[in-house]
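Here is a short report on one chain. Please keep the sequence and the model in view while reading.

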Amino acid sequence: MADTSSSATGAKRLKVRCPSCGEMHLYSLDNPYRPFCSKGCKAIDLGAWASEQYRVEAKPTSEDLLDDNGV
Ligand SMILES: [Zn+2]
């Protein structure tokens, strides 16, 4: 029996949560804005620290109730 190792991927893909928007994104060394996901989020975070008002404004995940009128 050949022991097939499931973990064949060498590069570990680490996902981190953006401190600003809370979105999970891939942690990459190529990302100059890490641990933020984007430039915008970093700017937001820096702005928040500057004004000392860390607003955790969660994105409104309002589930739009689609009225299924049966075509
Ligand atoms: Zn973000």
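The report goes from the overall fold to the metal site, then to the loops and the surface.

**Overall fold**

This is a predicted model. The chain has two strands and one helix. Along the sequence their order is β-β-α. Of the 71 residues in the chain, 11% are buried. Contacts between residues at least 6 apart in sequence were also examined: 11% of them join residues at least 24 apart. The accessible surface of the chain is about 6,800 Å². Carbon and sulfur atoms account for 54% of that surface.

**The zinc site**

Which residues coordinate the zinc ion? The SG atoms of C18, C21, C37 and C41 do, at 2.3 Å. The site is tetrahedral, with angles of 104 to 116 degrees among the four donor atoms. In sequence, the donor residues follow the spacing C-x2-C-x15-C-x3-C. Distant parts of the chain are linked here by C18 and C41, which are 23 residues apart. C18 sits in the loop between β1 (15-17) and β2 (24-26). C41 belongs to helix α1, residues 39-51. Both C18 and C41 are buried.

C21 is in the loop between β1 and β2, and C37 is in the loop between β2 and α1. Why does C21 count as partly exposed? Its relative accessibility is 29%, which falls between the limits of 20% for buried and 50% for exposed. C37 is likewise partly exposed, because its relative accessible area is 29%.

Neighbours within four places in sequence are left aside here. C21 is in contact with C37 and C41. C37 is in contact with C18, C21, H25 and N31.

| Pair | Separation in sequence | C-alpha to C-alpha distance |
|---|---|---|
| C37 and M24 | 13 residues | 8.1 Å |
| C21 and K42 | 21 residues | 9.6 Å |

**The loop between β2 and α1**

N31 lies in the loop between β2 and α1. Is N31 buried or exposed? N31 counts as buried, because its relative accessibility is 12%, and the limit for buried is under 20%. Apart from neighbours within four places in sequence, N31 is in contact with H25, F36 and C37. H25 is also one of the contacts of C37.

P35 is in the loop between β2 and α1 as well. Where is the cis peptide bond? It joins R34 and P35, with omega at about 5 degrees. As a general rule, most peptide bonds are trans.

L29 is another residue of the loop between β2 and α1. L29 is exposed, because its relative accessible area is 66%, and the limit for exposed is over 50%.

**A nonpolar patch**

L29 is also part of a surface feature. L14, Y27 and L29 form a nonpolar patch on the surface. Together they have about 320 Å² of accessible area.

**In brief**

Technical notes. Residues numbered from 1 in each chain as written. Predicted model: local features only at pLDDT ≥ 70, side-chain atom pairs only at ≥ 80, totals over all residues. Heavy atoms only, no water. Helix = DSSP H or I, 4+ residues; strand = E, 2+ residues; numbered from the N terminus. Buried < 20%, exposed > 50% of the residue type's maximum accessible area, 1.4 Å probe, protein only. Contact = heavy atoms within 4.5 Å. Areas by Shrake-Rupley, 256 points an atom, 1.4 Å probe, with all protein chains shown as cover. Donors = N, O, S within 2.8 Å, 3.2 Å for Na, K, Ca; no water. Tetrahedral: all angles 85-135°; square planar, octahedral: opposite > 155°, others 65-115°. Patch = residues over 30% accessible without salt bridge, like charges linked within 9 Å, V, L, I, M, F, W, Y side chains within 5 Å. Salt bridge = Lys/Arg side-chain N within 4 Å of Asp/Glu carboxyl O.
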